[in-house]
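Welcome! Let us go through this structure together, asking at each step what lies behind the words used for it.

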Amino acid sequence: MNGYDFTLAGAALTARASGALWWPAEGLLAVSDLHLGKSERLARRGGALLPPYEVRETLARLAAEIAATEPRTVLCLGDSFDDVAAADGLDPADRAALSRLMAGRRWIWAEGNHDPGPVELGGTHLAEFRLRALSFRHIATPGARGEVSGHYHPKARLSLRGQAISRPCFLIDADRVILPAFGAYTGGLRSDDPVLEGLMGPQAVAVLTGPAARAIPMPRRR
Amino acid sequence: MLARAKAPALLLIAPTGGGKTLAGFLPSLVDLAENPHPGLHTLYISPLKALAADIRRNLRAPVEEIGLPIRIEDRTGDTPASRRKRQRADPPHILLTTPESLALLLSYEDAPRVFAGLKRVIVDEIHALAESKRGDQLMLGLARLQRLCPGLRRVGLSATVEDPPALARFLAPHPGPCEILTADPGSAPDIAMLETGAPPPWAGGGGRYAIPAILDQVRRHRTTLIFHNTRAQAEIFFHDLWLANDAGLPIGIHHGSLAREARERVEAAMTRGELRAVVCTGSLDLGIDWGDVDLVIQVGAPKNVKRLVQRIGRANHRYNAPSKALLVPANRFEVVECVAALEAARAGELDGAPRSPGPRDVLCQHILATAAAGPFEADALHAEVTGAGPYAALTRAQFDACLDFAATGGYALRAYDRYQRLLHREGKWQLRDPRSAAQIRMNLGTIVDTETLKVRLRNGRGGTPLGEVEEGFAATLTAGDTFLIGGQVVRYEGLREMTVEVTRHADRTPRVATYMGTKFATSTQLSDRILAMFRQGDWPALPRHTADWLALQRDLSHLPGRERLLVETFPHEGRAHLVAYGFAGRNAQQTLGLLLTQQMERAGLHPLGFVATDYATLIWGLDEVADPAPLFETETLREGFADWLAGNAVMKRTFRSSAVIAGLIDRVTPGRRKTGRQATFSSDILYDTLRKYDPGHLMLEITREEALKGLVDFGRLEEMLARTNGRITHARLPRVSPLAAPLFLEVGRVPVKGAGEERLMAEAAARLMAEAGLT
C-alpha cells in the first residue's frame, strides 16, 4: 500500500506512506515541516553539532515523491526552514538541488512559525492557500472545515504483542487532515496529546507512515 | 600502609570486611595530625553516593574522638548547591566524592586553586569502577589532577580480583610503577548448594520451587540476603515468597528500579536489624555495611565466580568468621553451572574478561570538559591523557580525531564555518562560545540511563511513588494491564505528565515488568569448567537427577566439548531443528542465532526463529540442515556480520549512549523532559543519516567498537570458532536430545523477520479498524 485514500470536503486525497499528501485531481503534492537547515541552526547557536546531512536527505525524499507523482503544484505547508537564516545559509549544492526540484512547476511556500516572511528562493509565498473547498495553512484553526495543516508533527503508537511501534502519522477526520513532518530531523507529538485530541473528532483516523501507510483509529488517552 | 605512604601508586587488595577503607585513610590521617595542612589534602572517590556518606560517618567518629582538627566532607549530586559552592571556595581537608562529581569540579576554571596542595587520592571499590566507563572517566580525571599536583599519590582499594597487575596498570600514572599489597584473604567461605525437596525445573530462572527451603533457612538465620540476577526475577520471587510467608517474617525488597524512598526505608530497617531477609539484586553488591547478615543466598547461577565471591563477602562482615552462602540453581542446567562455580570458588579461581582500552567517547567528553575549564594545548593534553592507564596506548591520530570531533563534529562535509565548538587561537584550543561550558557540564558523566518513567499509586495524597519502569515497557501497557513493582501487583490506569499511574490490584498472576535488569553472560572461565566437567566419566559432585540427565545425553547423542562444536539436528512437531552448543555466553549465542538464521535464509532453508541461552542456540525452520559445517565457516559468518550489525537495534542503542557520552546529543535530564516536545527527535535518525552520508565517521567507529565488546559480544563468538576451528560433531537424531529439551521451555524466542513487523502491523491495523467500525 503506497497510500491511504480518503475524501475531505469532496476532494479525493491520498495520504502517502512517505508523509506527503497527494491530490490527483489537481496534481498537487503537499508536504509539511521540512525544517531544512536544522543542524546548521543548532551549530550556529552554539548547540550540538549534528550531522549536517539532513537537507540532502529531506530533499532526496522529496525528489522521490515528485518523481513518483509528477505534480503540477508543490505546496510546502510551513516550517520549511528552521529559520530565515537557515534558508540563506543553505549549502550551494543543496540550493542547486532545490532549484532543480522547483523548475517547471508551481511552488508555494506557506508561512510557518519558524520561517515567517519571504525567502530568496523563488516560488510563491503565502500565509494561506485555498483551492476549491480546501484551505491549506500551517497551524490548524479549531472549527475550520476542509482544512489541511501541519505544525504538530503528529505521531502515533501501535502495540504489537508486547512491543510498541511509534511512527509519524497523518491525522484525518471529516473536517481536517494534519500532516506529519516530512523533514529528516524532526520529532513528533503523540496523537493522545490534549491539543490533538481537542482538534480531532471522535471518528478520527491516524495513518502511520513508513514502508507502507497503515490506518488505525487515532490512539487517544481514554 | 604507613610504611608505603610514599609510594606514588599503591593497590590494596583485601576481602570485604577487612577494614581496607580505614587502612587507605591511615597515611592521610597520620600526615594531617602531624603536619597541619591548609586546604584539600586527600580526595576519596567511591562508586556510590551512599558509600561516600557512609564513610564520612565512619571516619568522623574516630577523628572526633581523638580530637584531630581535620575537616571531612562529602560532595555528590545530592549535596546542596550552597554547600558545594562553599566547598569550592574553602575545600575541606578530606573530600569524599564520586567520579562524576570530580569530573564536574575539574571542569571549572578554578580547579587549579581548589586542588592546590592535594597530596593523596584514594579510589575505593576500584574493581567495580574498572568494570565500566566510569573508571575510564575517573582515570582521565586523575591524569588531570596529576598535572595540577605533580606529587600526588594514588591508593586503590579493591576486593579480590583475578588479575591484580592489570588493575594496577589501570590505576597507576603511565608508565609509572604501582605496588600491589594483598591482605590475608581470611577464612575460606562456607558455601554449598541448597538442598531442596523437589528437583529444580527443566527451564526458567525464578527459583520458585525452592521457596519452602529458602524460608526455612531464613527462619534459621538472623539476617539473610537473597540475591537475584535480574530485577524482574527479584520482583516475581519476592511476590511468591510473600505469598508463602505464613509466619509473617519481616522481609524486604531492594533493587535499583525502586523509588529512592522505598529503598531508603528498607536500608533503614536493615540497619536497625528489623528485617530477617532482603530480596535484592546487584544494588546491594558494594561495600556498604549492613551489619548482621549471616547468610547469603544466590538464586540462579552466579554466571561469574568473581561476583559470587564478592557477594558471599556480604555475609559476616567480621574478618575472622567464615562467610556462609547457599546457591540455588534455578533450573537443571544451572545445577551443573552452580557446581562448577562452587569448585572454582573453593579453588580460589576467579574469572573476568580482560579490560579493553579506554573508550573514545569518554575521551571526547573529557576534551570538551577540559575546554570548559580553560584553553589548552593539544600536545599537552595528549601527553596528559596517555598518562592515564586505560589510554596509555592511544595513538596521536586517534587523539586528533577525538579533538576534531569535539571541535567541529568531525564530519566529512566541511562546508560550514559555523560548525565550530572549539577554536584554535594562539596555539590553544578554546570554546568558541564560553556560554557552552554550562551545556558541557550538564552532559558530564558516563552513565546513560534508558529512559524511565516514574510509577505512582493513584490515591488522594498526590500519588505514592513506587519506582520506575522503562519507557518502552510503559508504552506497551494498556489500561487494565497488571504488573509487579516493589513486590505488589498493580493495575495500569494511564499516563499523566510522564508518570505511570497505577492502582493496587489483588491479582496473583501479574504481567511482569520487563525493566532491563542486566542479563549477565556466563564467563568464559566458568563455561570452560562446565565443558571440562562433561569429560568426566561420572559426576559424584552432581545431584543424582542431574548426573542421570547428562549420562542419558551421552548415550543418545554426545556431550558438548571444548575443542569440537556439537551440532544436533532433529525433527520436532513438524519442524526441523538445529542446536549449536557453543557455550559462548548468552549475548554471543544470541548473535550466533541471528547470523545463522541469516545464512539459512539465504540458503533457502526457511528458518522461522531461534532462542539462545548461555550455552546453546536452538533454531527452528521448515527445512532440515543436512550439513551444518558451511554455516559455521568463520569467513561467511564474519561477512554476514558486517551487514547485519549495521542495521541492528543493538547498534542504535549503543550509538545513543556513545553519542550522549561524546557530547553529540544532549543528555535528557528528568527535570527538563516534558511531554509534547516535537522539537526533539530520536537518535536513531542521526545514526541512519551518518551511515548513509558519512559512513567513516568517528561516532560510527566508536559504536561498532562498543557493540562488539558489549551486547553483540562478537569477540566470544570468534573465540568459540577459533577453539573449535571447524571441528563439528554433527549428531542427526530422530528426536529431541535430553540436553536440548529444556531449550524448548526458554523464553525470549526471536522470530526471524523478513516482512514480519509490517505483516503484524497490517493484521493489527485491520483488526482495530474493524473493531472501531472504520472500514
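A crossing is left-handed if the near helix is turned anticlockwise from the far one by less than a right angle, and right-handed if clockwise. This is a predicted model, in which local features need pLDDT of at least 70, side-chain atom pairs count only at pLDDT 80 or more, and totals for chains, interfaces and linings use all residues. Residues are numbered from 1 along each chain as its sequence is written, chains are lettered from A and ligands numbered from 1 in the order in which they are written, and side-chain values use heavy atoms, with hydrogens and water left out.

Q: What is the handedness of the crossing of H2(A) and H4(A)?
A: The crossing is left-handed. Helices (H or I, at least four residues) and strands (E, at least two) are DSSP runs, numbered from the N terminus. H2 covers residues 54–69 of chain A and H4 covers residues 92–102 of chain A.

Q: Why are H2(A) and H4(A) called roughly parallel to each other?
A: Their axes come within 10 Å and cross at roughly 15°. Axes are lines fitted to C-alpha atoms, for helices over the stretch in contact, and angles run from 0 to 180 degrees between N-to-C directions. Angles under 35 degrees count as roughly parallel, over 145 as roughly antiparallel, 65 to 115 as roughly perpendicular and the rest as oblique. H2(A) and H4(A) are therefore roughly parallel.

Q: Which residues in H2(A) and H4(A) meet?
A: Val55(A), Arg56(A), Leu59(A), Leu62(A), Ala63(A) and Ile66(A) in H2(A) meet Asp94(A), Ala97(A), Leu98(A) and Leu101(A) in H4(A); contact means heavy atoms within 4.5 Å. The residues of this contact divide into eight nonpolar, no polar and two charged. Here Ala, Val, Leu, Ile, Met, Phe, Trp, Tyr, Cys and Pro count as nonpolar, Asp, Glu, Lys and Arg as charged, and the others, Gly among them, as polar.

Q: Why does Leu664(B) count as buried?
A: Buried means under 20% relative accessible area, exposed over 50%, partly exposed in between (1.4 Å probe, protein chains only). Leu664(B) has 1% relative accessibility, so it counts as buried. Leu664(B) sits in the loop between helix H23 (649–662) and helix H24 (683–693) of chain B. Not counting residues up to four places away in sequence, Leu664(B) touches residues including Leu49(A), Pro51(A), Phe405(B) and Met699(B).

Q: What makes Cys149(B) buried?
A: Its relative accessible area is 6%, so Cys149(B) is buried. Cys149(B) is in the loop between helix H7 (133–148) and strand S6 (153–158) of chain B. Leaving out residues up to four places away in sequence, Cys149(B) touches Phe115(B) and Leu118(B).

Q: How do you know that Lys133(B) counts as buried?
A: Lys133(B) counts as buried because its relative accessibility is 17%. Lys133(B) has its place in helix H7 of chain B. Among the residues that Lys133(B) touches, not counting those up to four places away in sequence, are Asp361(B), Ser658(B) and Glu706(B).

Q: How many helices and strands do the chains have?
A: Chain A has five helices and 16 strands, and chain B has 27 helices and 26 strands. Buried residues make up 62% of the 222 residues in chain A and 55% of the 775 residues of chain B.
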